[in-house]
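Hi everyone, thanks for coming. Let me put the structure up, and then we'll walk through a few parts of it together.

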Amino acid sequence: MTPLLALNVPARLVHLSPVDIVIVVFYFVLVLSIGWYLKGRANTGEDFFMAGREMTAWVAGLSFLSANLGALELMGWAGSAYQYGILATHWYWIGAIPAMLFLALVMMPFYYISKTHSVPGYLKLRFGEPSRALSAVSFAFMTVLMSGVNMFAMAKVMQIVLGWDINFSIWVSSLTVAIYVTLGGLRSAIFNEVLQFFLIWAGALLIPILGLYEAGGWTNLKLQIAHRASEQYVHLWSGLGSFTTNPMGIHWTGIVFGLGAIISMGYWTTDFLVVQRILAAKDIRSAEMAPIIGAGFKMMVPFIVILPGLLGLAVLPEKLVPESVAAITGGHSYNDVLPLMLARYCGPGLLGLGVTALIAGFMSGMAGNVSAFTTVWTYDIYRPLINSKGSDHHYVNMGRWTTIVGVLISVGTAYLVMQFASIMDYVQALFSFFIAPLFGTVVLGMLWKRATGWGGFLGLLCGTLSSIGMWAWVKFDPSALRYVALSPHAKALAQDMYQALWSFLVCVVVTVAVSLATEPMSDTALKGLVYGLTDVPSVGDVPLYQKPLFWAAIVTVVFIALNIVFW
Amino acid sequence: MISIWFFIGISLAVNGALILAAGIYELIYPPMNATVVLFNLHAGVWWGAVLLLIGLLYCFKFAPGKSA
């Protein structure tokens, strides 16, 4: 999901003053203090892996959003906004909001009442052990590898922005994460994610405020962007009628069906990294409200991510270039736009807060990866496949050790990427292979009672293999893009959209075909797992303004209005 | 158990105080060559004050021992 790839420009963008350094150090002290304080509250499996299932809707919702709001995400999408204009907003609106609401209202009741510890755990209940094993093993390894890739990329960012040594950045951040997650488990990770949410807004909100002031308001900003780039840079939908009339080289069908219907659904409803936060909610109403709260704030994130990229187009004196060009010319790349805007408006203190927001974003993202890896390893791989007779205390200890091992594997991956930069591209591609087919398997499992164990397993396997096949086809024969993405003009992001769409369809077709050819599962075995055979619990007798459906309707209205306003 | 909102209050209050102090210092002793655009708006002063205020409100409302 992160467009920030290679970073090869050895330049230093900002200089920290003593007060900035105090702010950064204070952040590290605070997160370690929170971990230390919570260490006494992570003694049972439910405490360590599920945060005691006692999070309120607000804590679970902000944590759910924060787990995705990493530093590379912020800098990468700000860079994408500079490169592609307001089109990048699709990844925050149609590429997130419908999926979050679908998770809240349709899927969450099943995750919650099945009392599963993880998404692979749900697959075990619905389709059996093979589906869980395939999903758990792929998720565990991809998550910890992604964590290492992000760690290296962030250390590189710190080198570019602050001039910090890469080894220093890797070890200080990873040891801090290892300490506070090992001590406090998921609760510690969630607390720090909520803290990070506030720091990101506190550190980044000034850029659009001061930027709009400098540009002379939104109307003047649009005129300046039209003058310096193109009028299509400020339109969400009007240029998507053709592959050639927008900066991204994508058609509206790719955005609606590839991104909105498949990729975002897959990511926000089945990626255990984010879903784990909702599973920690204290009751069904909180579990349904949490993604809706997350959706409400997600709609506002473009204000601190996309708008700075657009402002960079209008007010920065220099023209930013792609990474490959910047590496040769020594200039600044698209991905530098957020730190450049930070340095443009922020003096001593404010700069420290902005840098702290980036560090916090990276560390909480890593903590999210590590805590999800720990849970899946312990509950979905170690317990069913290696040692099923351990005590609860034994599994908590396994979780603590797995946290440390997970961090060390991440560090090892980071150093591997440092030696072989192309690994970064492969790992990020690998991660995307599993998302769309997994959504197909889970959603069919929840909505169609005729889906069988073999249908689910083979659908997931074939969908994943088809995704890998399409990626390899384009990799070795770039002209194949005209078939996979329906146009030779499609850019990398457009390819991802269509690859996800086809792999989802393969998964669904195979699941349906195999299910119809195999013996149906009994209704008794599916009770509590599938629509039509499950009494979906009510959120209780609460006033209208406390009902998830009411707030989902409000979010939907705002979402539609925003798309029309920026059409 | 100490509320997460109390920790957030501490974070915002401390950061706000440091930013406000740095902003006031620059207000009294302006740098010779200010490189920050819109330096005349003294964002550090008012933004630091806003963060400090919100942080103190959170600290007070969610202080340990208070049922919030």
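Here's one to start us off: in which hand of crossing does α7(A) pass α17(A)? The crossing is left-handed, a term used when the near helix is turned anticlockwise from the far one by less than a right angle, with right-handed being clockwise.

Before going on, a word on what you're seeing. This is a predicted model, in which local features need pLDDT of at least 70, side-chain atom pairs count only at pLDDT 80 or more, and totals for chains, interfaces and linings use all residues. Residues are numbered from 1 along each chain as its sequence is written, while chains are lettered from A and ligands numbered from 1 in the order in which they are written. Helices are DSSP runs of H or I with at least four residues, numbered from the N terminus.

Back to our pair. The axes of α7 (129-162) and α17 (350-385) of chain A come within 9 Å and cross at roughly 160 degrees; axes are lines fitted to C-alpha atoms over the stretch in contact, and angles run from 0 to 180 degrees between N-to-C directions. So α7(A) is roughly antiparallel to α17(A), the label for angles over 145 degrees. Their contact holds 19 nonpolar, five polar and three charged residues. Nonpolar covers Ala, Val, Leu, Ile, Met, Phe, Trp, Tyr, Cys and Pro, charged covers Asp, Glu, Lys and Arg, and the others, Gly among them, are polar.

Now for another pair. Helix α3 (57-66) and helix α8 (166-204) of chain A cross at roughly 75 degrees, with axes that come within 8 Å. That makes α3(A) roughly perpendicular to α8(A), which takes 65 to 115 degrees. Among the residues making this contact are A:Leu62 of α3(A) and A:Phe197 of α8(A).

Next, helix α16 (337-345) of chain A: eight of its nine residues are buried, meaning 20 or more other C-beta atoms, placed from the backbone, lie within 10 Å of a residue's own. A:Arg344 is one of the buried residues, and so is A:Tyr345.

What about the two chains? 21 residues of chain B are in contact with 26 of chain A, with C-beta atoms, placed from the backbone, within 7 Å. α1(B) gives the most to that side of chain B, twelve residues.

Finally, confidence. pLDDT, the predictor's confidence in each residue from 0 to 100, averages 86 over chain A, but is below 50 over residues 1-10 of chain A.

Key:
Contact = placed C-beta atoms within 7 Å. Helix = DSSP H or I, 4+ residues; strand = E, 2+ residues; numbered from the N terminus. Parallel < 35°, antiparallel > 145°, perpendicular 65-115°, else oblique. Buried ≥ 20, exposed ≤ 12 C-beta atoms within 10 Å, placed from the backbone.
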